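Here is a short briefing for a first look at a protein structure. Please look over the sequence and the model before reading on.

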Amino acid sequence: METETPKLKKNHWLFLVLLWGALGLFGLFVLFVYPLLTVREIGHSKNPEKWVRAQLKQIGLGLSAYAADFQGYLPEQPGCGGFNQLITTDILTDYGVYLGHHETGLVRARTGLLTENNTNYAYIGAGLKISDYEYPVAFEKPWLGYKKSAVLYIGTHLEPIKNISRFENCEKFVLHLKGANDSEVWQKLLENARAVDEACGK
């Protein structure tokens with residue numbers, strides 16, 4: 001004698017629909033929302049200067065790799081243009097590296113080329129060639145910096161800097177680094193710093 005399979009009651013169907021809906025929402029959260037929260041948590045960690053130093057070192061490696069492919073020359077455009085050259089040449093395509101510890105245009109930066117509004121670092125090595133002489137090529141934009149920051153010199157050499165935010169803009173910070181040095185390299189660095197300031201409205 002055959003036995004009938006018991007049919008699910010309407011409230012059981014409603015429970016299953018709600019369960020699958022909840023699981024779907026959780027999946028969307030894990031895929032799209034959680035990564036943003038993770039970046040935010042890291043960016044506002046107790047040691048933001050370590051975060052900055054790690055990112056600047058990655059940028060330094062990217063710039064060195066670019067120079068190796070382009071006869072020793074660094075990306076020719078100052079500011080975010082130089083970073084975009086690292087991206088479009090597939091040398092350093094991780095957008096998160098350029099964002100620093102501030103939440104500036106995170107989604108926009110992941111979906112297209114960088115702009116000064118969603119880049120936390122200033123690149124000033126444009127048009128220069130790698131040489132035995134060390135000079136600064138990138139640093140946190142002074143108006144975004146924490147009390148403890150760092151300056152990236154050619155390669156991956158970092159120099160600590162305290163209270164970078166005391167400088168009004170990139171040009172004044174580079175003037176501080178330059179001191180009495182009046183070489184053509186430093187004049188080019190100042191020119192690039194002014195270009196970044198102009199693009200940022202500083």
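Is Asn-47 buried, partly exposed or exposed? Asn-47 is partly exposed, because its relative accessible area is 35%, where buried means under 20%, exposed over 50% and partly exposed in between (1.4 Å probe, protein chains only).

This is a predicted model, in which local features need pLDDT of at least 70, side-chain atom pairs count only at pLDDT 80 or more, and totals for chains, interfaces and linings use all residues. Residues are numbered from 1 along each chain as its sequence is written, and side-chain values use heavy atoms, with hydrogens and water left out.

**Two loop asparagines**

- Asn-47 sits in the loop between α1 (10-43) and α2 (48-69). Helices (H or I, at least four residues) and strands (E, at least two) are DSSP runs, numbered from the N terminus.
- Asn-47 and Lys-148 are 101 residues apart in sequence. In space, their C-alpha atoms are 9.5 Å apart.
- Asn-169 belongs to the loop between β4 and α5 (170-178). Asn-169 counts as buried because its relative accessibility is 7%.
- A polar atom of the Asn-169 side chain lies 3.3 Å from the backbone nitrogen of Glu-171. A polar contact is a pair of N or O atoms within 3.5 Å; within protein, one must be able to donate a hydrogen and the other to accept it, and residues adjacent in sequence count only if both atoms are side-chain atoms.
- Leaving aside residues up to four places away in sequence, Asn-169 touches Pro-142, Trp-143, Asp-197 and Lys-202. Contact here means heavy atoms within 4.5 Å.

**Strand β3 and its partners**

- Strand β3 covers residues 148-153 and is mostly covered. Of its 6 residues, 5 are buried.
- β3 pairs with strand β2 (residues 136-140) in the antiparallel sense, over 3 bridges. Two strands pair if DSSP finds at least two bridges between them.
- On the β2 side, Pro-136 stands opposite Tyr-153 in β3.
- β3 also pairs with strand β4 (residues 158-162), again antiparallel, over 5 bridges. Glu-159 in β4 is the bridge partner of Val-151.
- β3 and β4 form a hairpin, with 4 residues between them. In the turn, Gly-155 has a positive phi of about 95°.
- In a regular strand, side chains alternate between the two faces of the sheet.

**Helix α3**

**Aromatic pairs**

- Rings of Phe, Tyr and Trp (its six-membered ring) pair if their centres lie within 6.5 Å; planes under 30 degrees apart count as stacked, over 60 as edge-to-face and the rest as tilted. By this rule there are 5 aromatic pairs.
- Tyr-66 and Phe-70 are stacked, because their ring centres are 4.2 Å apart and their planes at 15°. Tyr-66 is buried, at 6% relative accessible area. Phe-70 is partly exposed, at 36%.
- Phe-83 and Tyr-123 form a tilted pair, with 5.9 Å centre to centre and 40° between the planes. Phe-83 lies in helix α3 and Tyr-123 in strand β1, so this pair ties together parts that are 40 residues apart in sequence.
- Phe-83 and Tyr-123 are both buried. With Tyr-98, they form one aromatic cluster.
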